[in-house]
Amino acid sequence: MKTGNSAEELIEVKNLTKVYQSPRGDVLALEDVSFSVKKGEFICIVGRSGCGKSTLLNVISGLIPETSGEIRIAGKLLKGPQPNIGIVFQFPVLFPWRTVIKNIMLPLEVLKLGKKYYEKIPELVKLVGLSGFENKYPHELSGGMQQRVSICMALIHDPLLLLMDEPFGALDALTRYEMNFELLRIWHETKKTILFITHNVEEAVFLADRVLVMTPRPGKIAKEIVIDLPRPRRLEHREEKKFSEYILDIHKLLGLG
Ligand SMILES: Nc1ncnc2c1ncn2[C@@H]1O[C@H](COP(=O)(O)OP(=O)(O)O)[C@@H](O)[C@H]1O
Ligand SMILES: [Mg+2]
């Protein structure tokens, strides 16, 4: 049964803990993590390397099991991988022997989805800025273009939620800025809910409605910061006093300075 305003909560994470068993002993990667994300929100999670960001994303995607706690996606208790989620990793996972368009079709083949999804491919290719690149092979594309293919693949089955794990971490600074704008445009046009992980504080503040700041291991949410900057976000917002204040606050929470 739904309670309160849970109808608009797309993700509900409650008291999530993750312990990895390793030959050198148990690793407590996440401890008592709770937060929720509303439909259509753009949430960024920042934290230092090793604080459990990827673990959190992998548990939410159902790729690895939680140790305790619970996750609900659209009110349904998460049990294992589920198709309502699209994921983009730091390094594009593309088959080198398949063209762009054939790579994009791959999730549809794996999920055995029908015609309706194939018909939407040209629209999606245009949306992510890949028109004209359909018949190229991955090695013929720049890193930024490869990540556009990854975003397209993550959206192809029309998921409710897009999870992104440092997707622009391997790109040069200018391409990273460009992809930030592109992602905001795609978000605006698709109205997807996005959970975006980064260790780049400026990137998080620039993109997010809210930034969740994680403490070092074991990962906990130290604080949630609402980013009260107008949309659409513009380069000029980076020059505003408020922008640098958010960055300073987050750096302090991360134990810097
Ligand atoms: N499969 C695993 N087995 C044991 N420890 C792991 C495993 N995966 C990650 N860890 C540990 O859990 C912690 C969090 O890792 P991770 O979620 O990858 O952090 P982040 O993405 O923030 O850099 C790290 O200390 C890491 O070494
Ligand atoms: Mg990581």
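Trainee: How do the residues of the shell around ligand 1 divide into nonpolar, polar and charged?

Mentor: This is a predicted model, so the answer describes a prediction. The shell includes Val27, Ala29, Ser49, Lys53 and Arg217. Sorted by class, the residues of the shell divide into four nonpolar, five polar and three charged.

Trainee: Which element gives the largest share of the shell around ligand 1?

Mentor: Two elements supply at least two residues each, namely strand E2 (25-38) and helix H1 (53-60). Among the residues around the ligand are Lys53, Ser54 and Thr55. The largest share is three residues, and the element that gives it is H1.

Trainee: How far is an oxygen atom of ligand 1 from an N or O atom in the side chain of Thr55?

Mentor: A polar contact is a pair of N or O atoms within 3.5 Å. For Lys53, a polar backbone atom is 2.9 Å from an oxygen atom of the ligand. For Ser54, a polar side-chain atom lies 2.9 Å from an oxygen atom of the ligand. For the side chain of Thr55, the distance to a ligand oxygen is 2.5 Å.

Trainee: Which element gives the largest share of the lining of the largest pocket?

Mentor: This pocket holds about 650 Å³ of space. Strand E6 (85-88), helix H2 (100-110) and helix H5 (143-155) each give two or more residues to its lining. The largest share is four residues, and they come from E6.

Trainee: How many residues in the lining of the largest pocket are charged?

Mentor: The lining has 22 residues, and Ile85, Ile87, Phe89, Pro107 and Met153 lie nearest the centre of the pocket. By class, 17 residues of the lining are nonpolar and five are polar. The number of charged residues is therefore, by the division into classes, none.

Trainee: Which strands stand at the edges of the open sheet of four strands, and why is one side of each left without a neighbour?

Mentor: The order in this sheet is E2-E1-E4-E5, with antiparallel pairing. A strand at the edge has a single partner strand, so one of its sides has no neighbour in the sheet. The edge strands are E2 and E5 (76-77).

Trainee: Which residue in E4 is the bridge partner of Lys14?

Mentor: Strand E1 (residues 9-22) and strand E4 (residues 68-73) run antiparallel and are joined by five bridges. Along this pairing, Val13 stands opposite Ile71 in E4. For Lys14, the bridge partner in E4 is Glu70.

Trainee: Which residue in the turn between E4 and E5 has a positive phi?

Mentor: E4 and E5 run antiparallel and are joined by two bridges, with Ile73 and Lys76 as bridge partners. The two strands form a hairpin with two residues between them. One residue in the turn has a positive phi of about 50 degrees although it is not a glycine, and that residue is Ala74.

Trainee: What is omega for the peptide bond that joins Arg231 and Pro232?

Mentor: Pro232 is found in the loop between strand E10 (221-226) and helix H8 (241-253). The peptide bond that joins Arg231 to Pro232 is cis, and omega is about -5 degrees.

Notes: Residues numbered from 1 in each chain as written. Chains lettered and ligands numbered in written order. Predicted model: local features only at pLDDT ≥ 70, side-chain atom pairs only at ≥ 80, totals over all residues. Heavy atoms only, no water. Near = heavy atom within 4 Å. Polar contact = N/O pair within 3.5 Å; in protein donor to acceptor, adjacent residues only side chain to side chain. 1 Å grid on protein atoms, 1.4 Å probe; cavity = no way out; pocket = protein on both sides within 12 Å on 5 of 7 lines; lining within 4 Å. Points joined across faces, edges and corners; volume = space filled by probe spheres on them. Pairing = 2+ DSSP bridges.
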